[in-house]
Amino acid sequence: MNCDLQIQPGGEMQTGTARKLYTGLDGAVIGLILLAGLAWAIAVAARGPDPLLGAQSWLIIAGFLVGLIMLAGVYADGGPKEDPKQYAEGVIKAGVIASMFWAVVGLLAGVVIALQLAYPNLFYFPEWGFLNFGRLRPVHTSAVIFAFGGNVLIATSFYVVQRTCRARLAGGLWPWFVFWGYQFFIVMAASGYLMGITQSMEYAEPEWYADLWLTIVWVAYLLVFLGTLWKRKEPHIYVANWFFLAFIVTIALLHVVNNLAMPVSILGARSYSLFSGVQGALTQWWYGHNAVGFFLTAGFLGIMYYFIPKRVDRPVYSYRLSIIHFWSLIFIYIWAGPHHLHYTALPEWAQTLGMTFSVMLWMPSWGGMINGLMTLSGAWDKLRTDPVVRMLVVSVAFYGMSTFEGPVMSVRAVNALSHYTDWTIGHVHSGALGWVGFISFGAIYCLVPWLWKRKGMYSKALIEWHFWIATLGILLYITAMWVSGIMQGLMWRSYNELGFLEYSFMETVEAMHPFYVIRALGGLMYLAGAVLMAWNVYKTIKGDVKEADESVTPQPAAIKA
């Protein structure tokens, strides 16, 4: 199948008089949602029994008020204006800017907590407890995964689904509701972490009211995406959209089931999970592992299948392999979560099931990696001349490495050494910084000139610097954690001739200190690369592009009839 037919709408830009589409019903529904949220937040501020939520409620009130003011502003200006012949790009531009903002915030929080672990005496703040490790760690993970990664996924999925369907984004005001609603969720969750409001579940720390708000936003996201697919003019659904759709649907399922809980009070922050004991642990890691599998893998594979062919101007190496990759990954991944619970109270058959499916994941994952890399067939020379292609290709290489290491670590004998050590931290960050980070940066470097109609990025040299600084930072980080983690695991299982533990816990912590310093340095370098990118993006949006970049192909803003 010719990929170019699927991913290039082609044709000349069509002109015409923009038509005003008054979506009064959309505005009324959004307004009712915002008013209901505002009423709840006011009730919490006035009568809530929880002082922490009472303090946060003022921020929530401000958020709903700003939303209502923005909605009123749209209708005061005559209602939402859309040209059905033009792709919706405003919300994607906002997503790109938000992605860069949250990337810097999330990585900065990561560097701070890495320094706190390396130099606890220097970076411990007794007067400001909200800046210490226990509060900042979930801010870091949520900001990098859900704020940065989530905004990249929303922006790229909105861009890709329009181009591959040759249809304007469905929903009128709803894409903007998804964007701003998602930013509001991030602020609500992160401010709660800093205050100590958390349900203490990995990757699912927000309490019930934030989870409920995210559910509303996510359903709107799903309906916008499905609506665009429904009105497509291209009969075929390109494979990237299958990956995006799997990511959206599965994350909705995971989020709802894992966060089933009963609030202590409708005006309070605390809640009790529906699950407890080993059932709670299994549900949590069914959610946790598949958040990695569908949020950090399937969604970003959708990015890979669109932006690599686009950037190198080549069709996907094997469209048949991409379909096999999709269905095998989707069916196998969902069963792999129990490998996080080796040597626990979970029945051994369930542990073995998780391990078996994790090992099976190696093949479909590497099938996708090979498909991404072989798409460069006939265009390998671009690795020398285009740093964005280099970034995209290295991201796929990290995907392959992480998806080999993960199944190996799921084997019970290996897991006995690796689990609860820094080896797991190194594994997670090789995927997060190498795969997710680089594929996201590469997509943004592609999107910015396309969306703002520039001849290229402001500085190709800054992209080169970003690539090399960030790559060196990743290598320092993960190698330090590999050595630290394996050493840590070996020290924990060392016994002397009398049968006692040979090393105390503090001795293992002292031995890890040099590697924590290297980890902090690697994170600082990765942050520096992101700051260079933010400056490059800002200057490009501003219009300070000095010379054209031959690797940037202008993308049509109009929909082919």
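Predicted model: local features only at pLDDT ≥ 70, side-chain atom pairs only at ≥ 80, totals over all residues.
Q: How do the residues of the lining of the second largest pocket divide into nonpolar, polar and charged?
A: There are 21 nonpolar, six polar and four charged. Here Ala, Val, Leu, Ile, Met, Phe, Trp, Tyr, Cys and Pro count as nonpolar, Asp, Glu, Lys and Arg as charged, and the others, Gly among them, as polar. Residues are numbered from 1 along each chain as its sequence is written, and side-chain values use heavy atoms, without hydrogens and water.

Q: Thanks! Which residues lie nearest the centre of that pocket?
A: Look for Met70, Leu173, Trp176, Phe177 and Trp180, out of 31 lining residues. A pocket is an open set of points on a 1 Å grid over the protein atoms alone, where a 1.4 Å probe fits, with protein on both sides within 12 Å along at least five of seven lines; a cavity is a set the probe cannot get out of, and lining residues have an atom within 4 Å of a point.

Q: And which helix gives the largest share of the lining?
A: Helix 3 does, with nine residues. Helix 2 (24-47), helix 3 (51-76), strand 2 (81-82), helix 4 (90-118) and helix 6 (174-195) each supply at least two. Helices (H or I, at least four residues) and strands (E, at least two) are DSSP runs, numbered from the N terminus.

Q: Changing topic: what lines the largest cavity?
A: Val144, Ile145, Phe148, Leu296, Ala432, Val436 and Gly437 do. Helix 5 (133-165) and helix 16 are the elements that give two or more residues to that lining. By class, the lining has six nonpolar residues, one polar and no charged.

Q: What about the second largest cavity, which residues line that?
A: Ala103, Leu107, Val144, Phe148, Ala432, Leu433, Gly437, Phe441 and Tyr526. Helix 16 gives the most, with four residues, and helix 4 and helix 5 are also among the elements supplying at least two. The lining has eight nonpolar, one polar and no charged residues.

Q: Where is serine 440 found?
A: Serine 440 sits in helix 16, which covers residues 422-451.

Q: Is serine 440 buried or exposed?
A: Serine 440 counts as buried because its relative accessible area is 0%, and buried means under 20%, exposed over 50%, partly exposed in between (1.4 Å probe, protein chains only).

Q: Which residues does serine 440 touch?
A: Leaving out residues up to four places away in sequence, serine 440 touches Phe148, Val152 and Phe300, with contact meaning heavy atoms within 4.5 Å. A polar atom of the serine 440 side chain also lies 2.6 Å from the backbone oxygen of valine 436.

Conventions:
Polar contact = N/O pair within 3.5 Å; in protein donor to acceptor, adjacent residues only side chain to side chain.
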